[in-house]
Amino acid sequence: MSEQESPGRERLHTYLNDHLAGSVAAIELLDDLIEHHSQDRFGKFFSDLRDEIHADQEKLRDLIGKVGGGESALRKAAGWVSEKFGRVKIRGADDSAELLQVLEGLALGITGKKLLWRSLAMVASNFPALQGTDFGEFEERARAQFERVETLRVEVARETFRA
């Protein structure tokens, strides 16, 4: 059985598409946050984060193509729908408690992405299509993204629960 036909390749394709769907939801969420916070201290933060997540998303698309599969429209649609439900929270994002929850969701997604890059680094030797990518660099970028989101999350938590 060739790599193109292997169950491992199919699982890898599904795994990459699941993360692509998550990135679609994250970008939609960030677009809404950018719009909602365009004139305050959060606007640039969310815009810069969106640019980085978009670059990671493009790498995922590239990897999906190299692995030999297409993007799953169903998974991307599921990501889009889940983001729309989350948008209810953003409507009240002037409320610092709701902004705190949005930041926690972004932190969880970024943590998942960091683990994605680590997992791909561990299995790259099994898939020629993954070889030659510095997954450590992507993992480090996710770590830095998490740290920035976490710093803001802590700041918002302090403001939210100030006595």
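Colleague: What share of the contacts with a separation of 6 or more in the protein chain comes from residues 24 or more positions apart?

Modeller: This is a predicted model, in which local features need pLDDT of at least 70, side-chain atom pairs count only at pLDDT 80 or more, and totals for chains, interfaces and linings use all residues. Residues are numbered from 1 along each chain as its sequence is written, and side-chain values use heavy atoms, with hydrogens and water left out. Contact means heavy atoms within 4.5 Å. Among contacts with a separation of 6 or more, the share from residues 24 or more positions apart is 79%.

Colleague: Which pattern does the protein chain follow along the sequence?

Modeller: Helices (H or I, at least four residues) and strands (E, at least two) are DSSP runs, numbered from the N terminus. The protein chain has 5 helices and 0 strands. Read along the sequence, the pattern is α-α-α-α-α.

Colleague: Against which helices do the buried residues of α2 pack?

Modeller: Buried means under 20% relative accessible area, with a 1.4 Å probe and protein chains only. The buried residues of α2 include F45, F46, L49 and L63. They pack against α1 (7–36), α4 (96–123) and α5 (135–160).

Terms used:
Buried < 20%, exposed > 50% of the residue type's maximum accessible area, 1.4 Å probe, protein only.
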